[in-house]
There are 2 protein chains.
Amino acid sequence: MDVENILRQSNLKITPQRKTILKVIAESDIILDSQEIYQESARLLPSINPSTVYRNLDILLQSGLICKINTQENSAKYRIREQGSHHHHIICKKCGTSIPLDFCPMEELDNKLEKIGFTPTEHRFEIFGYCQKCSK
Amino acid sequence: MDVENILRQSNLKITPQRKTILKVIAESDIILDSQEIYQESARLLPSINPSTVYRNLDILLQSGLICKINTQENSAKYRIREQGSHHHHIICKKCGTSIPLDFCPMEELDNKLEKIGFTPTEHRFEIFGYCQKCSK
DNA sequence: TCCTAATTGCAATATATTTGCATTTGCATT
DNA sequence: AATGCAAATGCAAATATATTGCAATTAGGA
């Protein structure tokens with residue numbers, strides 16, 4: 001699906017700026033910070049402004065179209081959030097409910113592992129505890 | 001062991017500022033950002049300067065005495081790094097080596113889980129792959 | 001085509017962090 | 001104990017990152 005329809009599905013107004021920003025994030029193989037998103041967007045749409053990028057990153061985040069990733073650097077990074085994409089689970093020990101969690105610790109570890117020469121192939125991450133209902 | 005000896009062991013010069021900063025981090029139950037570390041240090045040592053805090057955070061990080069934690073907020077957070085403290089493992093599938101990793105994804109998830117009313121009690125995080133030797 | 005709320009650009013502001021430089025200080029060595 | 005010097009500090013300025021107010025523009029439904 002193209003960015004225009006993705007935005008429409010999320011009930012977001014379609015503007016050239018917003019389309020460009022989402023396109024830049026969606027088509028990147030790597031996670032990008034706001035500067036990089038701005039620069040690449042400006043290449044495609046020179047009139048675009050940094051504030052517009054920041055504001056749209058917030059909106060796209062709210063709408064669940066992108067993810068914010070925490071890294072050791074002091075600028076936030078973003079990537080596209082596709083349905084069915086990689087995620088982990090929070091599991092309730094009482095009722096067994098499995099809540100999907102759209103977060104993967106590997107994203108912020110890749111650099112660190114590369115430095116020590118480790119090539120990760122698989123990983124496992126699960127959280128156990130009590131869900132809202134069961135912890136009452 | 002007191003902060004003074006910890007610093008000595010790491011071959012770091014002992015200054016009132018450095019001692020105070022490490023003490024503040026070591027005695028906190030929660031992770032702190034640079035502002036909080038500065039404010040609490042300034043309470044104990046009013047003459048201390050923010051640059052000194054930043055510079056020492058870098059040095060303590062280099063020396064492995066503290067850890068930097070990635071969070072959603074746009075300020076970095078820190079905590080003390082004690083030997084034997086909570087950690088996870090990277091495991092080589094060929095030679096079986098288990099490399100300790102001083103990183104826990106839960107630290108940055110606590111807020112998120114609290115928001116959805118989930119009370120975590122346990123978690124599991126393991127990385128599998130090939131270590132430097134075995135990936136050649 | 002018209003209307004309105006949402007969006008944008010721009011400049012100003014806020015917040016977080018780094019850096020240059022003169023001064024001070026820890027500490028090894030005399 | 002006195003000395004020397006690299007390391008550390010304080011301060012101000014610079015840089016990086018992100019947010020906000022406001023007037024002008026624009027998307028998209030009526």
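A salt bridge here is a side-chain nitrogen of Lys or Arg within 4 Å of a carboxyl oxygen of Asp or Glu. By that rule, 2 salt bridges link chain A and chain B. The model is predicted: local features need pLDDT of at least 70, side-chain atom pairs count only at pLDDT 80 or more, and totals for chains, interfaces and linings use all residues. Residues are numbered from 1 along each chain as its sequence is written, chains are lettered from A and ligands numbered from 1 in the order in which they are written, and side-chain values use heavy atoms, with hydrogens and water left out.

**View 1. Where chain A meets chain B.** Welcome to the protein interface, where 35 residues of chain A and 36 residues of chain B are in contact (heavy atoms within 4.5 Å). About 3,100 Å² is buried between the two chains, with 57% of it on carbon and sulfur atoms; buried area is the accessible area (1.4 Å probe) that two parts lose on being put together, summed over both. Gln72(A), Phe118(A) and Arg124(A) provide 20% of the area that chain A buries against chain B, more than any other three residues.

**View 2. Polar links across the interface.** Look for Lys93(A) and Glu122(B), whose side chains form a salt bridge at 2.8 Å, N to O. Between chain A and chain B, 17 residue pairs are in polar contact, both at pLDDT 80 or more. A polar contact is a pair of N or O atoms within 3.5 Å; within protein, one must be able to donate a hydrogen and the other to accept it, and residues adjacent in sequence count only if both atoms are side-chain atoms. On the chain A side that touches chain B, β6(A) gives the largest share, 12 residues. Helices (H or I, at least four residues) and strands (E, at least two) are DSSP runs, numbered from the N terminus.

**View 3. Two β6 strands side by side.** Here β6(A) and β6(B), residues 119-130 of chain B, run antiparallel and are joined by 11 bridges. Strands pair if DSSP finds at least two bridges between them. One bridge to find is that of Thr119(A), whose partner is Tyr130(B).

**View 4. Around DNA strand C.** Among the 23 residues surrounding DNA strand C, the closest are Thr15(A), Arg18(A), Thr52(A), Ile14(B) and Ser34(B); a residue is near a strand if one of its heavy atoms lies within 4 Å of it. The side chain of Arg18(A) has an N or O atom 2.8 Å from a phosphate oxygen of DNA strand C. From chain B, a polar backbone atom of Ala76(B) lies 3.2 Å from a phosphate oxygen of DNA strand C. The most residues on this surface, 4, come from α4(A).

**View 5. Around DNA strand D.** The residues that come nearest to DNA strand D, out of 23 around it, are Ile14(A), Ser34(A), Thr15(B), Gln17(B) and Thr52(B). Of the atoms of DNA strand D within 4 Å of the protein, 70% belong to sugar and phosphate. Thr15(B) has a side-chain N or O atom 2.5 Å from a phosphate oxygen of DNA strand D, while one in the side chain of Arg55(B) is 3.0 Å from a base nitrogen. Here α4(B) gives the most to the surface, with 4 residues.
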